[in-house]
Amino acid sequence: MDDALSTEAEMVHARPGRLREFWFYFRENRGAVIGLWIFAAFAFLALFGPWIAPHDATAQFRADTLVPPFWQEGGSWKYILGTDPLGRDMLSRLIVGARYSFFVGVVVVSIAASGGILIGLIAGFAPQWLDSIIMRIMDIILAFPSLLLALVLVAILGPSLTNAMIAIAIVLQPHYVRLTRASVLSEKQKDYVTSARVVGAGYLRLMFITVLPNCLAPIIVQGALSFSTAILDAAALGFLGMGAQPPTPEWGTMLAEAREFILRAWWVVTFPGIAILVTVLAINLMGDGLRDALDPKLKRS
Amino acid sequence: MSDAPVMQATGLQRHYNVGGGLFQKSRVLKAVAGLDFEVHAGKTLAVVGESGCGKSTLARMVAMIETPTEGSLTLDGKPVRAEDWADLRQSVQIVFQDPYGSLNPRQRIGTILMEPLMINTKLSRADREAKAREMLKLVGLRPEHFDRYPHMFSGGQRQRIAIARALMLDPKVLVLDEPVSALDLSIQSAILNLLLDLQERLQLAYLFISHDLSVVRHVADDVIVMYLGRAVEKGPKAEVFDAPRHPYTKALLSATPRAEPGAEKERIKLKGELPSPLSIPDGCPFAPRCWKVQPKCRAELPRLRGQPHGAACFFPENGTYPE
């Protein structure tokens, strides 16, 4: 028996740690790495924006309204990306605005994910009738156009950034529920769950300690992807006047305020638009990379 | 060792309702259709049969994962009912076939081993860890394996871990659901020897489920041969292997390779397919495939007769059907 044991031991080859393995696969996707860097810069701006910005984001320089960016005639290095109709520095507003978008993303994803995971776990473990009820409710939420539903919710709750975040979180939640339930149902079949049951694990233990950690990979990916959806929806709500209220330098609200100057001063709409585009694109790229790195089916051994 | 069985089953049955759509009546699948057996401390009862004969359902009933539809199960003379499962869980543990699916990939080996103690006992963390490390040693793993994750182990080592986890609660009965079928031949014997060794040391009763007759020959004390949810033959290992009574047993035995080059070999080839468990023919379920079938076999269901070695056949080999 000892001989057999030693041969067995030799057959085990050292495998790299989970994190290193993840990084190995993530690195292969160049777009994802670029996305990660942009996201890191975005997070940095969100944290330290007010200290980096050259001017106060809400200070109005009445003498310098609608100053073009520095490379255009009439532009100056004082306002690198120009000023808006009230004479506020565009660059400072964009930098400080990153904070709101980031905040929206973090809050919306945490509310939607925690609620969605909880409901999804319950649906996965519940008897069939409860499962059906939960899933049909989620189907109803999914059947509405998401922005429209968010608009209705904000109209009921009253326009503010907080209410917009709540509305977006509710709209995004069903995706988490479906995803969690699907992984729970497939994990539940496995023998390790049965053996935990034979050992006497209760439902709560089975749900949160045995099954949930094994369902997290697709949920993390969904979290990254809905981070960008949340930013986009918050900007859209802001543009429609239902999100952050002026003078908050939120990107969507900035777009809405500058609408009437599109023809006269292109920079007032272009830069907030580019900021939204670049951030969302970077996060989506990163999310795709995460999916590739976490999905075992796409791994080569 | 006392003679009273640790576990006793009488008329154990498990039915499933299958189908039952909008326009279809659901049909009853009898996965296990009446089974009696006894498991004694320190002894191994092996259950053999081809796939789909209800072996695994039996294992799941004994391990208290599924409730029997009918029949009773007793543990140490006390009836096993769904209400008492929580209390009786500790006495019956199970080892699964697939060592890759039976360990939680996100838990360290130490956590896997300590979890049963955490749920069922009030031991302190240090005590739990000490017990887990002791068990690791008992199943032939090294102390440094304690902090590793399951994916770092080979199939044989994983199966050792699964056995260790099953033994953490000092069970009386261990259900082994094809514990070596997924392993390499060389490692099979190591695991089997470990199991025999543990049985001797801890006086465990094994319910050993397998389709591999050579493995059963190695470990079993008593054997039950199952066919479509029923026991067709039951008896001490030596008698079943040397003088099989049921034609099905004889066919199974003739299909296993022997390690005796000179031995005369007469391979019995069964005709036909295993009937669908949804439409088991009247009479003897084996009748459509039997080579010595008589009109009586198609009309009447033979009962398992004879102690200690019995067969459910009207025209048994090596004996007669007692009327």
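Which residues does B:Leu141 touch, not counting residues up to four places away in sequence? They are B:Leu136, B:Gln157, B:Arg160 and B:Ile161. Welcome to this structure, which is a predicted model. Chain A and chain B bury about 2800 Å² between them, and 21 salt bridges are found over all chains. The points below walk through the model topic by topic.

**Around B:Leu141**

- You will find B:Leu141 in the loop between helix H4 (125–138) and helix H5 (155–167) of chain B.
- With a relative accessible area of 5%, B:Leu141 is buried, because the cut-off for that word is under 20%.
- One of the residues it touches is B:Gln157; B:Leu141 and B:Gln157 are 16 residues apart in sequence, yet their C-alpha atoms are 7.6 Å apart in space.

**Where the two chains meet**

- Chain A brings 24 residues to the contact, and chain B brings 35 residues.
- Of the area of about 2800 Å² buried between chain A and chain B, 56% is on carbon and sulfur atoms.
- The count between these chains is 1 salt bridge.
- A:Arg205 and B:Glu115 form a salt bridge, with their closest N and O atoms 2.9 Å apart.

- The unreviewed UniProt entry lists residues 32–53, 100–126, 147–172, 192–212, 224–245 and 265–287 of chain A under "transmembrane region".
- Among these spans, residues 100–126 are 96% helix and 0% strand, and the end C-alpha atoms lie 38 Å apart.
- Residues 224–245 of chain A are 73% helix and 0% strand, with 26 Å between the end C-alpha atoms.
- On the surface, A:Ile34, A:Ile38, A:Ile274, A:Leu277 and A:Val278 form a nonpolar patch, and together they have about 410 Å² of accessible area.
- Helix H3 (30–52) and helix H11 (267–294) of chain A each supply at least two residues of the nonpolar patch, and H11(A) gives the most, with 3 residues.
- A:Ile34 has its place in helix H3 of chain A, and its relative accessible area of 46% makes it partly exposed.

**Salt bridges within each chain**

- In chain A, A:Arg88 forms a salt bridge with A:Asp84, and the closest N and O atoms are 3.0 Å apart.
- Both A:Arg88 and A:Asp84 are buried.
- This pair belongs to a network of salt bridges that links A:Asp84, A:Arg88, A:Arg93 and A:Glu257.
- In chain B, B:Glu129 and B:Arg133 form a salt bridge, with 3.1 Å between the closest N and O atoms.
- B:Glu129 and B:Arg133 both sit in helix H4 of chain B, 4 residues apart, or about one turn of the helix.
- An α-helix has 3.6 residues a turn, so residues three or four places apart point the same way.
- B:Glu129 is partly exposed at a relative accessible area of 22%, and B:Arg133 is partly exposed at 33%.
- B:Glu144 and B:Arg142 also meet through their side chains in a salt bridge (3.0 Å, N to O).
- Relative accessibility is 42% for B:Glu144, which counts as partly exposed, while B:Arg142 is partly exposed at 37%.

**A mostly covered helix in chain B**

- Helix H1 (residues 55–62) of chain B is mostly covered, as 6 of its 8 residues are buried.
- The buried residues in H1(B) are B:Lys55, B:Thr57, B:Leu58, B:Ala59, B:Met61 and B:Val62.
- B:Thr57 counts as buried at 12% relative accessibility.
- Not counting residues up to four places away in sequence, B:Thr57 touches B:Arg14, B:Tyr16, B:Ala31, B:Val32 and B:Glu66.
- Just after H1(B) comes B:Met64, which takes a positive phi of about 60°.

**Two loop residues with positive phi**

- B:Asp170 lies in the loop between H5 and strand S8 (173–177) of chain B, and its phi is near 50°.
- B:Asp170 is exposed, with a relative accessible area of 56%.
- B:Leu228 lies in the loop between strand S10 (222–227) and strand S11 (230–236) of chain B, and its phi is near 50°.
- B:Leu228 is buried, with a relative accessible area of 4%.

**A buried aspartate in chain A**

- A:Asp131 lies in helix H5 (residues 128–143) of chain A and is buried at a relative accessible area of 10%.
- A:Asp131 touches A:Ala123, A:Ala126 and A:Arg181, not counting residues up to four places away in sequence.

Conventions:
Residues numbered from 1 in each chain as written. Chains lettered and ligands numbered in written order. Predicted model: local features only at pLDDT ≥ 70, side-chain atom pairs only at ≥ 80, totals over all residues. Heavy atoms only, no water. Patch = residues over 30% accessible without salt bridge, like charges linked within 9 Å, V, L, I, M, F, W, Y side chains within 5 Å. Areas by Shrake-Rupley, 256 points an atom, 1.4 Å probe, with all protein chains shown as cover. Salt bridge = Lys/Arg side-chain N within 4 Å of Asp/Glu carboxyl O. Buried < 20%, exposed > 50% of the residue type's maximum accessible area, 1.4 Å probe, protein only. UniProt positions renumbered as here; feature names shortened; annotations may be inferred. Contact = heavy atoms within 4.5 Å. Buried area = accessible area lost by both parts, 1.4 Å probe.
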